[in-house]
Amino acid sequence: MAIRKPSRLPQTAVLKQILKRCSSLGKKHGYDDDSLPLDVPKGHFVVYVGENRSRYIVPISFLTIPEFQCLLQRAEEEFGFDHDMGLTIPCEEVVFRSLTSMLR
(Lines give C-alpha, C1' and ligand atoms only; values in the text may rest on other atoms or scores of the structure.)
Protein backbone atom coordinates (compact mmCIF):
# COMPACT_ATOMS: atom_id res chain seq x y z
CA MET A 1 0.00 0.00 0.00
CA ALA A 2 1.50 3.33 -1.07
CA ILE A 3 1.60 6.35 1.18
CA ARG A 4 -0.07 9.33 -0.42
CA LYS A 5 0.87 12.92 0.19
CA PRO A 6 -2.02 15.13 1.19
CA SER A 7 -3.40 16.99 -1.79
CA ARG A 8 -2.41 20.63 -1.88
CA LEU A 9 -4.76 23.36 -2.98
CA PRO A 10 -3.89 25.18 -6.18
CA GLN A 11 -1.96 28.40 -5.57
CA THR A 12 -4.90 30.64 -6.49
CA ALA A 13 -7.17 28.82 -4.04
CA VAL A 14 -4.60 29.26 -1.26
CA LEU A 15 -4.26 32.97 -2.03
CA LYS A 16 -8.04 33.42 -1.97
CA GLN A 17 -8.20 31.54 1.33
CA ILE A 18 -5.53 33.82 2.81
CA LEU A 19 -7.32 36.96 1.68
CA LYS A 20 -10.65 35.71 2.99
CA ARG A 21 -9.08 34.84 6.34
CA CYS A 22 -7.33 38.21 6.59
CA SER A 23 -10.52 40.10 5.89
CA SER A 24 -12.87 38.04 8.05
CA LEU A 25 -11.37 38.20 11.52
CA GLY A 26 -14.69 39.31 12.92
CA LYS A 27 -16.33 42.61 13.68
CA LYS A 28 -14.28 44.38 16.28
CA HIS A 29 -13.71 47.98 17.22
CA GLY A 30 -12.01 49.66 14.28
CA TYR A 31 -13.66 47.44 11.66
CA ASP A 32 -16.25 48.45 9.06
CA ASP A 33 -19.52 46.66 8.21
CA ASP A 34 -17.65 44.24 5.95
CA SER A 35 -15.31 43.25 8.83
CA LEU A 36 -12.37 45.05 7.22
CA PRO A 37 -10.01 47.13 9.37
CA LEU A 38 -10.68 50.83 8.92
CA ASP A 39 -6.98 51.74 8.71
CA VAL A 40 -6.17 49.29 5.90
CA PRO A 41 -6.45 50.83 2.42
CA LYS A 42 -8.25 49.00 -0.33
CA GLY A 43 -5.91 46.56 -2.08
CA HIS A 44 -3.89 45.84 1.08
CA PHE A 45 -3.98 43.36 3.96
CA VAL A 46 -2.45 43.01 7.40
CA VAL A 47 0.27 40.61 8.52
CA TYR A 48 1.94 40.18 11.88
CA VAL A 49 5.69 39.67 11.95
CA GLY A 50 8.37 38.76 14.44
CA GLU A 51 8.52 37.86 18.08
CA ASN A 52 6.42 40.86 19.12
CA ARG A 53 3.89 40.31 16.32
CA SER A 54 4.34 43.79 14.86
CA ARG A 55 1.57 44.74 12.47
CA TYR A 56 2.35 45.55 8.83
CA ILE A 57 0.02 46.57 6.02
CA VAL A 58 1.12 45.13 2.68
CA PRO A 59 -0.31 45.38 -0.84
CA ILE A 60 -2.26 42.44 -2.20
CA SER A 61 0.10 42.44 -5.19
CA PHE A 62 2.73 40.86 -2.90
CA LEU A 63 0.72 37.63 -3.04
CA THR A 64 1.95 37.00 -6.57
CA ILE A 65 5.65 37.47 -5.76
CA PRO A 66 7.54 34.18 -5.25
CA GLU A 67 9.63 35.49 -2.32
CA PHE A 68 6.50 36.55 -0.45
CA GLN A 69 4.81 33.26 -1.32
CA CYS A 70 7.71 31.47 0.40
CA LEU A 71 6.94 33.44 3.56
CA LEU A 72 3.28 32.46 3.27
CA GLN A 73 4.18 28.80 2.90
CA ARG A 74 6.32 29.02 6.04
CA ALA A 75 3.42 30.74 7.82
CA GLU A 76 1.05 27.97 6.79
CA GLU A 77 3.45 25.23 7.90
CA GLU A 78 4.17 26.84 11.25
CA PHE A 79 0.83 28.40 12.21
CA GLY A 80 -1.76 27.36 9.65
CA PHE A 81 -4.34 29.81 8.36
CA ASP A 82 -7.31 28.75 10.47
CA HIS A 83 -6.91 30.71 13.69
CA ASP A 84 -7.99 34.06 15.13
CA MET A 85 -4.53 35.58 15.46
CA GLY A 86 -4.38 37.06 11.96
CA LEU A 87 -1.84 36.13 9.34
CA THR A 88 1.46 35.70 11.19
CA ILE A 89 4.70 35.58 9.21
CA PRO A 90 7.43 33.52 10.92
CA CYS A 91 10.52 35.63 10.33
CA GLU A 92 12.42 38.42 12.03
CA GLU A 93 11.10 41.93 11.50
CA VAL A 94 14.37 43.19 10.04
CA VAL A 95 14.29 40.42 7.41
CA PHE A 96 10.64 41.13 6.59
CA ARG A 97 11.25 44.88 6.24
CA SER A 98 14.28 44.26 4.06
CA LEU A 99 12.36 41.87 1.79
CA THR A 100 9.29 44.08 1.47
CA SER A 101 11.36 47.18 0.76
CA MET A 102 12.90 45.36 -2.22
CA LEU A 103 9.45 44.28 -3.46
CA ARG A 104 7.91 47.77 -3.60
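Helix axes here are lines fitted to C-alpha atoms over the stretch in contact, and angles run from 0 to 180 degrees between N-to-C directions. Helices (H or I, at least four residues) and strands (E, at least two) are DSSP runs, numbered from the N terminus. The model is predicted, so local features need pLDDT of at least 70 and side-chain atom pairs count only at pLDDT 80 or more, while totals for chains, interfaces and linings use all residues. Residues are numbered from 1 along each chain as its sequence is written, and side-chain values use heavy atoms, with hydrogens and water left out.

First, the overall layout. The protein chain holds three helices and three strands, and from the N terminus on these elements run α-β-β-α-β-α. Of its 104 residues, 38% are buried (under 20% relative accessible area; exposed is over 50%, partly exposed in between, with a 1.4 Å probe and protein chains only). Contacts are heavy atoms within 4.5 Å. Taking those between residues at least 6 apart in sequence, 46% join residues at least 24 apart.

Now to the helix pair. Two packed helices are described by the angle between their axes and the distance between the axes. For H2 (residues 66–79) and H3 (residues 93–103), the axes come within 10 Å and cross at roughly 150°. H2 brings Glu67, Phe68 and Leu71 to this contact, and H3 brings Phe96, Leu99 and Leu103. Sorted by type, that makes five nonpolar residues, no polar ones and one charged (Ala, Val, Leu, Ile, Met, Phe, Trp, Tyr, Cys and Pro count as nonpolar, Asp, Glu, Lys and Arg as charged, and the others, Gly among them, as polar).

Phe96, Leu99, Thr100 and Leu103 of H3 are buried. Viewed down the helix axis, these buried residues fall within an arc of 95°, so they line one face of H3 (the arc is that of the directions from the helix axis to the C-beta atoms). An α-helix has 3.6 residues a turn, so residues three or four places apart point the same way. On the other side of H3, Val94 and Met102 are exposed. The buried set packs against H2 as well as strands S1 (44–49), S2 (54–59) and S3 (88–89).

Those three strands make up an open sheet in the order S2-S1-S3, with mixed pairing (two strands pair if DSSP finds at least two bridges between them). S2 and S3 sit at the edges with a single partner strand each, so one side of each has no neighbour in the sheet. S1 and S2 run antiparallel and are joined by six bridges. Valine 46 has isoleucine 57 of S2 as its bridge partner, and phenylalanine 45 stands opposite valine 58 in S2.

The hairpin of S1 and S2 has four residues between the strands, and glycine 50 takes a positive phi near 85° there. Arginine 53 also lies in the loop between S1 and S2. Its phi is positive too, at about 50°, although arginine 53 is not a glycine. Arginine 53 is partly exposed, with a relative accessible area of 30%.

Finally, the core. A nonpolar core is a set of buried Ala, Val, Leu, Ile, Met, Phe, Trp, Tyr and Cys residues joined through side-chain atoms within 4.5 Å. The largest has 19 residues, of which Val47, Phe68, Leu87, Ile89 and Phe96 touch the most other members. S1, S2, H2 and H3 each give two or more residues to this core, and H2 gives the most, with four. Leaving aside residues up to four places away in sequence, isoleucine 89 touches Val47, Tyr48, Val49, Gly50, Leu71, Leu72, Ala75 and Phe96.
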